[in-house]
Amino acid sequence: MGAKACISPVRTTQILRDAQVELHVHLDASIKPETILYFANKRQITLSADSVEGLLKHICCKEPVTLTKFLAKFNHYMPAIMGDREAVKRIAYEFVEMKAKEGVVYVEVRYSPHFLANSNVDPIPWGQKGGDLAPDEVVQLVNQGLREGERDFNVKARSILCCLRHMPSWSLEVVDLCKKYHNDTVVAVDLAGDEALHSETYLGHRQAYEEALRYGIHRTVHAGEAGPASVVREAVEILKAERIGHGYHTIDDPVLYKELLAKNMHFELCPWSSYLTGACDPDFTKHPVIQFKKDKANYSFNTDGPLLFDSTLETDYSVAKKYMGFTTEDFMAVNINAAQSSFLPEKEKKELLNKLYQAYEMFPSTEI
């Protein structure tokens with residue numbers, strides 16, 4: 001049976017509901033629509049709609065689209081947020097609040113500092129005019145918002161800074177920002193964007209990732225989402241990725257897939273996202289997650305972009321439960337995988353794992 005009907009999230013047990021880990025979610029795809037409208041009104045920026053319902057009609061995916069069409073949806077609302085100090089800090093703070101309501105105890109949220117800036121960035125994104133908010137200050141503001149959210153909502157929140165495939169000229173600066181704000185709250189670098197551009201822009205990203213490796217910055221890469229398994233191989237062998245964002249098409253190369261299973265490579269899976277972006281077969285009973293599960297791969301479940309997909313983690317869990325045979329015990333294992341593969345320092349990672357073990361009423365050595 002396929003999954004072309006609307007998914008109604010099924011609530012998991014309370015023990016799981018209050019102890020989840022998320023490793024792959026984009027800050028600029030997790031903004032409250034009310035916040036977008038507030039800053040559009042404050043800054044006198046005209047959007048495609050002036051109500052929550054109207055805005056969501058433009059930016060939410062209800063049926064599968066291409067990844068290119070999905071990425072175009074950011075144009076409808078990002079001008080209201082980028083370049084505004086109050087807005088940047090607020091979306092980070094509200095993000096932590098959002099995750100607390102979902103029962104998340106640890107989250108790594110990623111974003112491009114340049115996409116939120118309007119100074120010291122070329123070109124200025126979203127067709128906006130220049131201003132005085134540079135990428136460096138964007139990171140400071142997001143850090144402040146995440147720290148204040150952590151304090152107020154009891155959720156440990158860390159960040160990953162994104163390089164963008166179509167903007168290799170930004171990548172070295174992104175890594176410099178990772179170095180400057182390492183563990184405040186920044187824990188890693190990512191490479192996101194259209195995988196079809198990998199051959200055209202690769203040198204700039206490769207140099208940046210080499211610098212990240214030298215400095216000890218953790219590394220994840222979007223690969224094998226809409227692109228082929230060869231992009232995953234480049235991410236692992238050339239960029240030295242420690243985790244793979246999505247990675248569904250890794251299974252198309254059995255040799256590579258076997259190698260990564262042996263290395264215990266972590267895959268940041270986003271089932272509902274993969275359906276709506278057309279990254280995978282729309283029939284969930286044929287989804288690569290099923291193969292990952294069968295082979296006991298190391299993977300996590302993540303929302304990717306809850307604003308654009310009108311989703312929470314429960315959406316992804318309910319998809320896996322309904323179409324892929326996942327049980328509560330399977331979800332516990334998924335979250336333990338996520339905690340073990342997080343980019344936290346070892347001491348904090350152990351503390352996070354202990355929190356999960358206690359919530360799940362498990363001993364650390366228990367296998368599930």
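1. Lys 240 has a relative accessible area of 39%, so Lys 240 is partly exposed. This residue sits in the loop between H10 and E6. Its phi is positive, about 60 degrees, although Lys 240 is not a glycine. Please keep in mind that the model is predicted.

2. Now the sheet. Strands of a sheet pair through backbone hydrogen bonds, either parallel or antiparallel. Which sense is found here, parallel or antiparallel? The pairing is parallel: eight strands form an open sheet in the order E1-E2-E3-E4-E5-E6-E7-E8. Strand E1 (20–26) and strand E8 (298–301) are the edge strands, each pairing on one side only. On average, neighbouring strands are turned by 25 degrees against each other, direction ignored. Helix H10 (residues 229–237) packs on this sheet and touches strand E5 (218–223) and E6. The direction of H10 makes about 170 degrees with that of E5.

3. Look next at strand E7 (residues 266–269). His 266 and Glu 268 point one way from E7, while Phe 267 and Leu 269 point the other way. All of these residues are buried. E7 pairs with E6 in the parallel sense over three bridges, and Arg 243 stands opposite His 266. E7 is also joined to E8 by four bridges, and these two strands run parallel. Here Leu 269 stands opposite Phe 301 in E8.

4. Two packed helices are described by the angle between their axes and the distance between the axes. For helix H7 (residues 135–153) and helix H8 (residues 171–180), the angle is about 40 degrees and the axes are 11 Å apart. H7 and H8 are therefore oblique to each other. Their crossing is right-handed. H7 makes the contact with Pro 135, Asp 136 and Val 139, and H8 with Glu 173, Leu 177 and Lys 180. Three residues of this contact are nonpolar, none is polar and three are charged.

5. Helix H2 (residues 33–42) has these buried residues: Pro 33, Thr 35, Ile 36, Leu 37, Phe 39 and Ala 40. What do the buried residues of H2 pack against? They pack against four helices: H3 (52–59), H5 (78–81), H6 (85–102) and H14 (306–309). After H2 comes Gln 44, with a positive phi near 55 degrees.

6. Check the cis peptide bonds. The bond from Asp 122 to Pro 123 is cis, with omega near 0 degrees. Pro 123 is in the loop between strand E2 (104–111) and H7. The bond from Asp 184 to Thr 185 is cis too, with omega near -15 degrees. Thr 185 lies in the loop between H8 and strand E4 (186–192).

7. Trp 126 is found in the loop between E2 and H7. Its phi is positive, near 65 degrees, in a residue other than glycine. Is Trp 126 buried or exposed? Its relative accessibility is 18%, so Trp 126 counts as buried.

8. Last, Ile 251. Its place is in the loop between strand E6 (243–246) and helix H11 (254–262). Ile 251 counts as partly exposed because its relative accessibility is 26%. Ile 251 and Phe 292 are 41 residues apart in sequence, and their C-alpha atoms are 8.7 Å apart in space. Leaving out residues up to four places away in sequence, Ile 251 touches Tyr 257, Pro 288, Gln 291 and Phe 292.

Definitions and conventions. Residues are numbered from 1 along each chain as its sequence is written. This is a predicted model: local features need pLDDT of at least 70, side-chain atom pairs count only at pLDDT 80 or more; totals for chains, interfaces and linings use all residues. Side-chain values use heavy atoms; hydrogens and water are left out. Axes are lines fitted to C-alpha atoms, for helices over the stretch in contact, and angles run from 0 to 180 degrees between N-to-C directions. Angles under 35 degrees count as roughly parallel, over 145 as roughly antiparallel, 65 to 115 as roughly perpendicular and the rest as oblique. A crossing is left-handed if the near helix is turned anticlockwise from the far one by less than a right angle, and right-handed if clockwise. Contact means heavy atoms within 4.5 Å. Ala, Val, Leu, Ile, Met, Phe, Trp, Tyr, Cys and Pro count as nonpolar, Asp, Glu, Lys and Arg as charged, and the others, Gly among them, as polar. Buried means under 20% relative accessible area, exposed over 50%, partly exposed in between (1.4 Å probe, protein chains only). Two strands pair if DSSP finds at least two bridges between them.
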